Amino acid sequence: MTSFVVYGFAGSTFTRIVRMAFAEKAVPYEHVAVGIHDGANRSAEHLARHPFGKVPALGVDGTYVYETDAILELLEGLHPEPPLFPDDVLARARMRQWMSVIHTYAYPAMVSVLMWERLLKPMMGREPDLDAVGGVLPEVRRQLGLFDEQLAGTACLAGDAFSAADLYLAAVVAFVARTPEGPDLLAAAPHVARWWEHMQKRQSVRDTALEI
Ligand SMILES: N[C@@H](CCC(=O)N[C@@H](CS)C(=O)NCC(=O)O)C(=O)O
């Protein structure tokens, strides 16, 4: 049987996506902590797993796969049940669209700015940059509005079937919801709020929840 090792840390958005995917499929894996705030991601040991110094990386039978999207592809191929990638061609394209949107646009706004300023800096005893927060909020609202439009018509992000796109969105909305602005942001995106209520009941989301 294939053995898996997930290298990353609990607070990492992308590591959480991979861990949720393993949990959804009930596939066992070893989790090896690699932090980014202590520079462990830049160590020679980790660069051998992920030459760009990011987490997660996946160890699989003596080799490494990196980039969350690629890791999910591998997992889906080896463990197709329950599916995280829809069979329907349009739904699969929609899933890829939202995964890319979250990676490319939502993560920088919602995690790199809003979460960093509002959750992480205060946790480290540092003052948030409120100008940066104010500057990013219109874009966060706009993006939540796009997810809301999609979720107004479908139960899940890529359609009515649960998919990897829901894991991507869960990993960023989990942070947004915990910011001081979170309740107002979610009140303005009621379909996202309803979806998030459901998502929080999933075992994969509960098992990977952060204790911050
Ligand atoms: N493209 C990567 C992104 C991974 C990523 O950005 N991970 C963050 C943590 S959530 C990281 O490693 N940051 C460390 C850094 O940028 O130095 C993927 O899809 O896995």
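Residue numbers begin at 1 in each chain and follow its sequence as written. Because the model is predicted, local features are reported only where pLDDT is at least 70 and side-chain atom pairs only at pLDDT 80 or more, whereas totals for chains, interfaces and linings use all residues.

The chain contains nine helices and four strands, where helices (H or I, at least four residues) and strands (E, at least two) are DSSP runs numbered from the N terminus. In sequence order these elements follow the pattern β-α-β-α-β-β-α-α-α-α-α-α-α. The C-alpha trace extends over about 45 × 45 × 25 Å along its principal axes.

The four strands of an open sheet are arranged in the order β2-β1-β3-β4 with mixed pairing, two strands being regarded as paired if DSSP finds at least two bridges between them. Strands β2 (30-33) and β4 (63-66) form the edges, each pairing on one side only. On average, and with direction ignored, neighbouring strands of this sheet are turned by 25° against each other; axes here are lines fitted to C-alpha atoms, for helices over the stretch in contact, and angles run from 0 to 180 degrees between N-to-C directions. Strand β3 (residues 57-60) runs antiparallel to β4 and is joined to it by four bridges. Within this pair, V65 in β4 is the bridge partner of L58, and T63 in β4 is the bridge partner of V60. Helix α3 packs on the sheet, where it touches β3 and β4, and its direction makes about 120° with that of β4; residues are in contact if their C-beta atoms, placed from the backbone, lie within 7 Å.

β3 and β4 form a hairpin with two residues between them, and D61 in the turn has a positive phi of about 45°, although D61 is not a glycine. Two cis peptide bonds may also be described. The bond from V55 to P56 is cis, with omega near 10°, and P56 is placed in the loop between α2 (44-47) and β3. The bond joining E81 and P82 is likewise cis, with omega about -15°, and P82 is found in the loop between α3 and α4 (89-123).

Helices α5 (residues 130-153) and α8 (residues 190-199) pack at an angle of about 70°, their axes lying 7 Å apart. The two helices are therefore roughly perpendicular, a term applied to angles of 65 to 115 degrees, with those under 35 counted as roughly parallel, those over 145 as roughly antiparallel and the rest as oblique. In this contact, L144, F147, D148, L151 and A152 of α5 meet H191, V192 and W195 of α8. The contact residues comprise six nonpolar, one polar and one charged, where Ala, Val, Leu, Ile, Met, Phe, Trp, Tyr, Cys and Pro count as nonpolar, Asp, Glu, Lys and Arg as charged, and the others, Gly among them, as polar.

Note on methods
Two residues are in contact if their C-beta atoms, placed from the backbone, lie within 7 Å.
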